[in-house]
Amino acid sequence: MGCHLCEVHCLTEHSQSRHVVRAHKRERPRALARVRVEEALPLTLAIQCHQCDEPMCVFACLTGAMQKDPETGIVTSDSERCMGCWTCIMVCPFGALRRDTARGVVAKCDLCAHLVTPACVAHCPNEALTLVDVTP
Amino acid sequence: MTRYLIIGNSSGGVGAAEAIREIDRRGPLTIVSEEPYPAYSRPLIARYLAGETSIERMAYRRPEFYHQNDIGLVLGQRLVRLDLESRHTELDDGRLLPYDRLLLAVGGAPIVPPVEGLHEHEFFTFATLDDARRLAARVHSGQRAVVVGGGLIGLSVTEALVKLGVHVTIVELAPQILGRALDAAAASMVLRAVEEAGVRVLTSRTVVRVLGGASGADVRAVELDDGTALPCDLLIIAIGVRPRTEAMAGTAIAVQRGIIVDRHMATSCPDVYACGDVAEAYDFVAGGNRVTPIWPNAYLGGRIAGRNMAGVDTVYSGGTAMNSLHAFGLSIMSAGTVDPPPGEPAYETLLRDERAKGTYRKIILLGGRVVGMIFAGEVDRAGIVFGLMRNGTPVDAFAERLLADDLGLLSLPAELWQQMVRA
């Protein structure tokens, strides 16, 4: 339905305060949502990292910051090691990664690994977003 | 058990080792490196020179990587001889290492042009951490440097030197900088940023002679082909790399510019594979073998080599020239054919030139498929176009939409994006 609440709650979850108002209004630099809602009305589509089996972003990463966890399958970027070259962005066929220009590192979905349910899924009012385990 | 030997410890070697260990946890695996360090991120050497990172933070894999994966690491040793008959390699110190499967991932060497007086004087190349350390030990604020070569390496060393307060002049033989990565328009955006940072850029010029002081190896100036002398304290040669194929001379391994490999990354000799800057591997834009000395292709090629070495038949889908340039405050991505060959009407160019606003997008089509791209400015979803290019997807019906600000998966036909998100 194009409410963009997934973006709101993704940004909040990846902020310092994890407080929806403070995260959007006060924190500088502002956190970034790692999910993006595309609209071609009446169609809307939430795009986030697909945690690919053969992750081009991991293979192409110039520093080794981007890694796929062999246990969980989650692809994460270590912001301490990311050099902000955006090579991962160039090779992501989903366009699912974003430049965090304020911090000079890439921002991507980490499936909210610290939560039971990712923030975008938990707050989707229409249950359009679901979490599916596709581990082979 | 299969014994694996990998010569080269950069992205190609690591990519192969990781792929092998996904399949075979037990076969003895050795990596040999000429450099004295565990794998490090080569592209970070400019940040190191600029004092923005440390050797520890440049590590390409965590310190426990070799141990955890049961990889024997031999550092500071060069491959000097290959014996394909008895399946041994000989290292610098005379050591013989046997193998059942061998990967040659020895990389490239900086090209040093024949310039009068060059070897009598101190000059720097910029390919390894040791190159950066040697330069870091000599550089100080207020010096004048000449960087020969206005490609990606030349620009990255220039950016670091500028941060250190060095006055840099780039001397580029071609009429434009970044001629291999960008077209003239995108290169002009970079040129402007580089010049605004205080760098002088001389194009269509070359250095013909190096002039020294009264004594020692110190450089005093370089003389250009138009006769002018450029005074300088530091001279950096950054005109590119060539495949390091010396150790293959006299063997049966087929070499053209680089070691020729098939779509399995196998050389012409049984059980010998190659990848990375030393290899001439499949380029999906060229439709044939090419040397494309870039980091991601080395890793991908290494990964495919590793899978095949471990016995899992895997075909290399190919790499192509691609770069994400992030320098002097600009983000520019380019891949494939960025300038259609002149007089070839089969190519079609889609262009959005808003350079005044910092945006430039160019997509080159051949037969209705993307064969080249340049994205400058907003680059966040350029990967969608790169993906279409990599997959050879016919884009005729929607190509114009790829230039729009709202480029996204919904720019693609429904059956295409639906297939992607379901996969």
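The model is predicted: local features need pLDDT of at least 70, side-chain atom pairs count only at pLDDT 80 or more, and totals for chains, interfaces and linings use all residues. Residues are numbered from 1 along each chain as its sequence is written, and chains are lettered from A, with ligands numbered from 1, in the order in which they are written.

The contact draws 25 residues from chain A and 29 residues from chain B. Two residues are in contact if their C-beta atoms, placed from the backbone, lie within 7 Å. On the chain A side, β1 (36-40), β2 (43-47), α3 (56-60), α4 (87-91) and β5 (98-100) each supply at least two residues. Helices (H or I, at least four residues) and strands (E, at least two) are DSSP runs, numbered from the N terminus. The largest share, four residues, comes from α4(A).

In chain B, helix α7 spans residues 295-309. All 15 of its 15 residues are buried. A residue is buried if 20 or more other C-beta atoms, placed from the backbone, lie within 10 Å of its own. Just after α7(B), B:Gly311 takes a positive phi of about 95°.

B:Ile7 lies in strand β1 (residues 4-7) of chain B. B:Ile7 is buried because 28 other C-beta atoms lie within 10 Å. B:Ile7 and B:Ser33 are 26 residues apart in sequence, yet 6.4 Å apart in space, C-alpha to C-alpha.

Conventions: The expected span of a helix is 1.5 Å times one less than its number of residues. A residue is buried if 20 or more other C-beta atoms lie within 10 Å of its own, exposed if 12 or fewer, and partly exposed in between; C-beta atoms are placed from the backbone.
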